[in-house]
Amino acid sequence: MTEHSLHEPMYLFLCMLATADLVLSTTTVPKALAIFWFHAGEISLDGCVTQIFFIHATFIAESGILLAMAFDRYVAICDPLHYSTVLSRAVITRIGLAVALRSFCVILPDVFLVKRLPFCRSNRLPHTYCEHMAVAKFACADIRVNVWYGLSVLLSTVVLDALLILVSYSLILYAVFHLPSRRAWQKALGTCGSHLGVISMFYLPGIFTIITQRFGHHVPLHTHILLANVCMLAPPMMNPIIYGIKTRQIRERVLSTLSLQWK
């Protein structure tokens, strides 16, 4: 907000990603720490449903932001002359609103799908946070609607985003290897490599966790819990490090701010 040289599309998308990471961390980490430090494992059903909404909505929002960032890199590398026209401030605002609206609309039904269920089994949730299907499995009612709605949301948002990102980076790599300068394509590969690392760390544990919650009856419980925590904790921890180090303008700005404080 204070550095006008960072008011470019890529940095605005990074700002959105940072906001999503803050919401995800704030939703999950305090309760997890309370469980480990103070053995405060109780949570009300309303509190659990609220956590379900914010965790899943933020996860889908972050997926949409990563797709927008992949599109940003595609335009910057494959069509640089039209970059400022294609990704104007108005377009970025619409993208941000579309990402937020999509995540809100597809996850809101989860709240009602969980609230309608009668719970008469064990109330001991083996996770450090509330997850839709992990909670629904405690219901003494038919949860097929929950299962199939959750799967349809996964396929129409996260999996679709991942496929579009794969297409985008395939086109980027095709364009990069046709660049005349070896130094130029090495620089482009370095940037895309860090982005693909973040994307893989975000999607692979998340998709595996969601699928095994629904169909992985033979996967050990501790594997479920470990991957679920990696999915929630790793991206907010690694995103600032990877993008902060790999993005020269952000790195220089941070070092400049720190050097002024040390003087």
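Ser-63 sits in helix 2, which spans residues 45-78. Helices here are DSSP runs of H or I with at least four residues, strands are runs of E with at least two, and both are numbered from the N terminus. The model is a predicted one, so local features need pLDDT of at least 70, side-chain atom pairs count only at pLDDT 80 or more, and totals for chains, interfaces and linings use all residues. Residues are numbered from 1 along each chain as its sequence is written, and side-chain values use heavy atoms, with hydrogens and water left out.

Back to Ser-63: with a relative accessibility of 0%, Ser-63 counts as buried. The cut-offs are simple: buried is under 20% relative accessible area, exposed is over 50%, and partly exposed is in between, using a 1.4 Å probe and protein chains only. Leaving aside residues up to four places away in sequence, Ser-63 touches Arg-102, Thr-157, Val-158, Asp-161, Phe-202 and Tyr-203. A contact means heavy atoms within 4.5 Å.

Two of those partners, Arg-102 and Asp-161, turn up again where helix 4 meets helix 6. Two packed helices are described by the angle between their axes and the distance between the axes. The axes are lines fitted to C-alpha atoms, for helices over the stretch in contact, and the angles run from 0 to 180 degrees between N-to-C directions. For helix 4 and helix 6 (residues 144-176), the axes come within 11 Å and cross at roughly 165 degrees. That makes the pair roughly antiparallel; the label applies over 145 degrees, while under 35 is roughly parallel, 65 to 115 is roughly perpendicular and the rest is oblique. The crossing is left-handed, meaning that the near helix is turned anticlockwise from the far one by less than a right angle, whereas clockwise would be right-handed. On the helix 4 side the residues include Cys-105, Val-106 and Ile-107, and on the helix 6 side they include Val-145, Tyr-149 and Val-153. By class, this contact has nine nonpolar, two polar and three charged residues. Here Ala, Val, Leu, Ile, Met, Phe, Trp, Tyr, Cys and Pro count as nonpolar, Asp, Glu, Lys and Arg as charged, and the others, Gly among them, as polar.

Helix 6 also holds Ser-156, which is partly exposed at 41% relative accessibility. A polar atom of the Ser-156 side chain lies 2.8 Å from the backbone oxygen of Ser-152 and 3.4 Å from that of Val-153. Ser-156 and Val-106 are 50 residues apart in sequence, yet their C-alpha atoms are 9.6 Å apart in space.

Helix 4 (residues 89-115) has another partner in helix 1 (residues 9-38): these two pack at about 20 degrees, with axes 11 Å apart. That makes helix 1 roughly parallel to helix 4. Their crossing is right-handed. Pro-9, Leu-12, Phe-13 and Met-16 of helix 1 make the contact with Arg-89, Ile-92, Ile-95 and Gly-96 of helix 4. Those residues divide into six nonpolar, one polar and one charged.

The loops have something to show too. His-39 lies in the loop between helix 1 and helix 2, and at 66% relative accessibility it counts as exposed. Its phi is near 55 degrees, a positive value in a residue other than glycine. Most residues other than glycine have a negative phi. Glu-131, in the loop between helix 4 and helix 5 (132-136), is buried at 5%. Its side chain reaches the backbone nitrogen of Ala-134 at 3.0 Å.

Key: Polar contact = N/O pair within 3.5 Å; in protein donor to acceptor, adjacent residues only side chain to side chain.
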